[in-house]
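Visitor: I am new to reading protein models and would like to learn how to look at a sheet and at aromatic rings. Could we go through them step by step?

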Amino acid sequence: MNNKPVTSNQPPATNLYNLSFDEMTAFITGLGEPKFRAKQVWEWLYQQYAGSVAEMTNLPKALREKLETAVTLHPFTLVTEQRSSDGQTKKVLFTLPDGNYIETVLMKYEKRRTLCISTQAGCAMGCVFCATGQMGFFRNLTAGEIVAQVLYFARELAETGDHVTNIVLMGMGEPLHNYEETLTAVDRLTAPDAFNLGARKITISTVGLVPAIRRYADEQRQTPLAVSLHAASDEERDKLIPINKRWPIAELMDAIHYYLEKTKRRITFEWALINGENDTVEQAQKLGELLQGLLCHVNLIPLNPTAGYGGTPSSRERVDAFQAELANYGVSSTVRVRRGIDIQAGCGQLRDRIVKEQSKS
Ligand code: SAH
Ligand code: SF4
C-alpha cells in the first residue's frame, strides 16, 4: 500500500502581489523576457487591476501562456459573501490554499469606500471579546495575500467606476505581530507607482505591542495608528486583553508618548464599550486622566457580541455618560455604530459561523 501523500510536480504558482518591482523584473527576465515586460505586468496589476493574465493583452501570447501556469492573481478562493440589510456593507470569507480562512469587509458610507482587511489567519493575542482572538493563531499572511484583498475589491469597485478610498487594518489578526509583511503590503498600497493610495488613508490598528510601536515611530511612518485600549486600569485591561500583562498600560503609554514626540501625528484609541465592565464613570475618569492633553481621539464602539464571550454592548445612556465624562477632561471622542452587525461583520465572526456549519454537516 502506498501511504505517501499526494504531491504535485508543479511548483506552487507565484502570487504576483508578493513581488516588489525589482523582484518582478527578476522574475520576468528569469522567464527569458526583456525587462520592460515587468513594467507592463506591474501596470496591469496596480493600474488596471487585472483579474487574469488573459487580460494582459499587450503581452505576447507565448509570455501569457508561460504566466498562466507560473503565477496567480487569486491567492485565495471565495467561500461566501454577505451583504448587510442596508446593502452598504459587504463581507467576504476567503479560503487560502492551506485551508485557512480570512475575512475582508467593504463598507460604503457616503463617498467613502473603506476596506477592512486581515493581516493574519487567526490571532495570537486572545482578547476575550474578539471572535478572532477566540479561535487562536494559525499563521501570518504574506504581503501579497494582504495586498490581494485590496485588489479583489478594487477590481469589483472599478466595474462601476468606483474606487477604494480608505483601508483599515482591523480585520483578522494583529498587524504589528506580522510587522514585515504588513508594512511591505502598506508600502505597496501607498507607492505612487503601485496602488497609490494616500498613506493617511490607511489606518493600522494595534492591540499595543510596545516594541513594535516604538519601531513604527522610529520609521516615521505616515500611516495613522490606532491603539485598542479598551480599559484604563491594568486590573480591568488584564481581564480583557492578555497581552496587557506583558506590556501594562504605563509601558504602553510611554511608547505612545514616544510615538507622538517622534511623529507629531494624532493617535486614535479604540474602546469597545461593554455593559457594566469598562463603561463605568470610574473607567471614563481614569481614561480622561490618561489621555488629558494628548494629541488623540477616542472611538467608542458598543461591543459586538461574540459566541465565546458573555459581555453585552452598553446602552445608549451609558455610552453618552461615558462620552460626557471624557469631554470633562477635554478628550474628544466619537461614538461609532458598528455597521454590518447583521452579517457578522465583527472580525472573525463569519469564519466562526461557517466553520461551525461545516462541522455540523
Ligand atoms: N488586532 C488589532 C486589529 C484587529 S481588531 C487590534 O486589536 O487593534 C480591530 C478592532 O476591533 C480592535 O479595536 C478590536 O479591539 C476591535 N474588536 C474586536 N472584537 C470586537 C468586538 N466583539 N466588539 C467590538 N470591537 C471589537
Ligand atoms: Fe487579535 Fe485584535 Fe482580536 Fe485582540 S482584538 S484578539 S489583537 S484581532
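Visitor: In which sense do E3 and strand E4 pair, parallel or antiparallel?

Guide: Keep in mind that this is a predicted model. As a general idea, strands of a sheet pair through backbone hydrogen bonds, either parallel or antiparallel. Here E3 and strand E4 (residues 89–95) pair in the antiparallel sense over six bridges, and arginine 83 stands opposite lysine 90 in E4.

Visitor: What is the order of the strands in the open sheet?

Guide: The sheet has ten strands in the order E3-E4-E5-E6-E9-E10-E11-E12-E13-E14, and their pairing is mixed. At its edges are strand E3 (77–83) and strand E14 (333–335), each of which pairs on one side only, while the twist from one strand to the next averages 20 degrees.

Visitor: Which strands does helix H11 touch as it packs on the sheet?

Guide: Helix H11 (residues 316–328) touches strand E12 (267–273), strand E13 (296–302) and E14, and its direction makes about 170 degrees with that of E14.

Visitor: And how many aromatic pairs does the count come to?

Guide: Two rings count as a pair if their centres lie within 6.5 Å, and by this rule there are nine aromatic pairs. One of them is the stacked pair of tyrosine 216 and tyrosine 259, at 6.2 Å centre to centre with 25 degrees between the planes. Tyrosine 216 lies in helix H7 (residues 210–218) and tyrosine 259 in helix H9 (residues 249–263), so the pair ties together parts that are 43 residues apart in sequence.

Visitor: Are tyrosine 216 and tyrosine 259 buried or exposed?

Guide: Both tyrosine 216 and tyrosine 259 are buried.

Methods. Residues are numbered from 1 along each chain as its sequence is written. Chains are lettered from A and ligands numbered from 1 in the order in which they are written. This is a predicted model: local features need pLDDT of at least 70, side-chain atom pairs count only at pLDDT 80 or more; totals for chains, interfaces and linings use all residues. Side-chain values use heavy atoms; hydrogens and water are left out. Rings of Phe, Tyr and Trp (its six-membered ring) pair if their centres lie within 6.5 Å; planes under 30 degrees apart count as stacked, over 60 as edge-to-face and the rest as tilted. Helices (H or I, at least four residues) and strands (E, at least two) are DSSP runs, numbered from the N terminus. Buried means under 20% relative accessible area, exposed over 50%, partly exposed in between (1.4 Å probe, protein chains only). Two strands pair if DSSP finds at least two bridges between them. Axes are lines fitted to C-alpha atoms, for helices over the stretch in contact, and angles run from 0 to 180 degrees between N-to-C directions. Contact means heavy atoms within 4.5 Å.
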